[in-house]
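Trainee: Could we go through this model together, starting from the overall order of its elements and then turning to single residues?

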Amino acid sequence: MAPNSQSPLSAGKCAIPMTTNDLEHQTTLDQKEFDYSKRSQWLRAAVLGANDGLISTASLMMGVGAVRQDFKAMILTGFAGLVAGACSMAIGEFVSVYSQLDIEVAQMKRDDQKKKKNQEVHVVEDDGGDGDDEEGLPNPLQAAAASALAFSVGAMVPLLAASFIRRYKVRLGVVAAAVSLALVMFGWLGAKLGKAPVMRSVTRVLVGGWMAMAITFGLTKLIGSSGL
């Protein structure tokens with residue numbers, strides 16, 4: 001009976017090895033996860049911007065390639081799509097983030113007015129909180145530059161793929177292959193950052209890109225052959 005009476009005590013002793021170091025380790029892990037979630041939002045936005053640049057520029061180039069076999073026309077079309085798309089992304093992101101900034105600043109002012117009316121005495125905590133709020137405010141210029149850069153990176157893939165190939169059919173095939181490879185990479189990256197199923201994300205992005213290029217190529221070919 002003695003061993004049986006000691007076993008719960010020993011089990012209890014083994015079940016409480018949690019110390020202050022374990023708690024500190026857990027808090028550091030939580031902070032790392034929080035920082036990763038903040039970084040992943042920017043990374044996902046960058047991946048989406050690059051994906052937009054890739055698909056839109058490749059579709060434009062394939063559309064022009066459907067009616068014109070000229071090497072220069074295809075490259076100029078892709079370059080124009082890169083510049084126009086990067087400017088559009090930058091301006092749209094700037095306006096959107098600036099609107100968000102105005103809303104958050106107005107909300108902070110309303111919160112400060114409420115605190116003054118309530119005459120709360122937690123001065124130190126309020127000062128620290130205001131500093132954190134100001135640091136957490138969105139930056140419109142940074143967001144615009146990041147969107148333009150991400151779009152340009154994606155748009156460079158079909159441009160570089162077509163820049164060194166003069167033969168028409170080979171050029172179309174190389175552009176489609178390079179874009180497909182980049183779509184797989186962007187789909188995998190987006191799935192990893194969003195913690196989503198990889199195969200489903202890759203298939204969705206790849207099929208979507210193929211559809212965009214095929215529809216643009218087919219409709220442009222149809223309109224071009226009809227003599228409009």
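Mentor: From the N terminus on, the elements run α-α-α-α-α-α-α, with helices taken as DSSP runs (H or I, at least four residues) and strands as runs of E (at least two), numbered from the N terminus. This is a predicted model, in which local features need pLDDT of at least 70, side-chain atom pairs count only at pLDDT 80 or more, and totals for chains, interfaces and linings use all residues. Residues are numbered from 1 along each chain as its sequence is written, and side-chain values use heavy atoms, with hydrogens and water left out.

Trainee: How far does helix α3 reach from its first C-alpha to its last?

Mentor: Helix α3 covers residues 71-118, which is 48 residues. The expected span of a helix is 1.5 Å times one less than its number of residues, and for α3 this gives 70 Å. The reach in the model is close to that expectation, at 70 Å.

Trainee: Is Thr77 buried or exposed?

Mentor: Thr77 is found in helix α3, and, leaving aside its neighbours within four places in sequence, Thr77 is in contact (heavy atoms within 4.5 Å) with Leu60 and Val64. Buried means under 20% relative accessible area, exposed over 50% and partly exposed in between, with a 1.4 Å probe and protein chains only. Because its relative accessibility is 19%, Thr77 counts as buried.

Trainee: What separates the C-alpha atoms of Asp52 and Ala150?

Mentor: Asp52 is found in helix α2 (residues 20-67) and, at 38% relative accessibility, counts as partly exposed. Leaving aside its neighbours within four places in sequence, Asp52 is in contact with Met89 and Phe151. Although Asp52 and Ala150 are 98 residues apart along the chain, their C-alpha atoms are separated by 8.8 Å.
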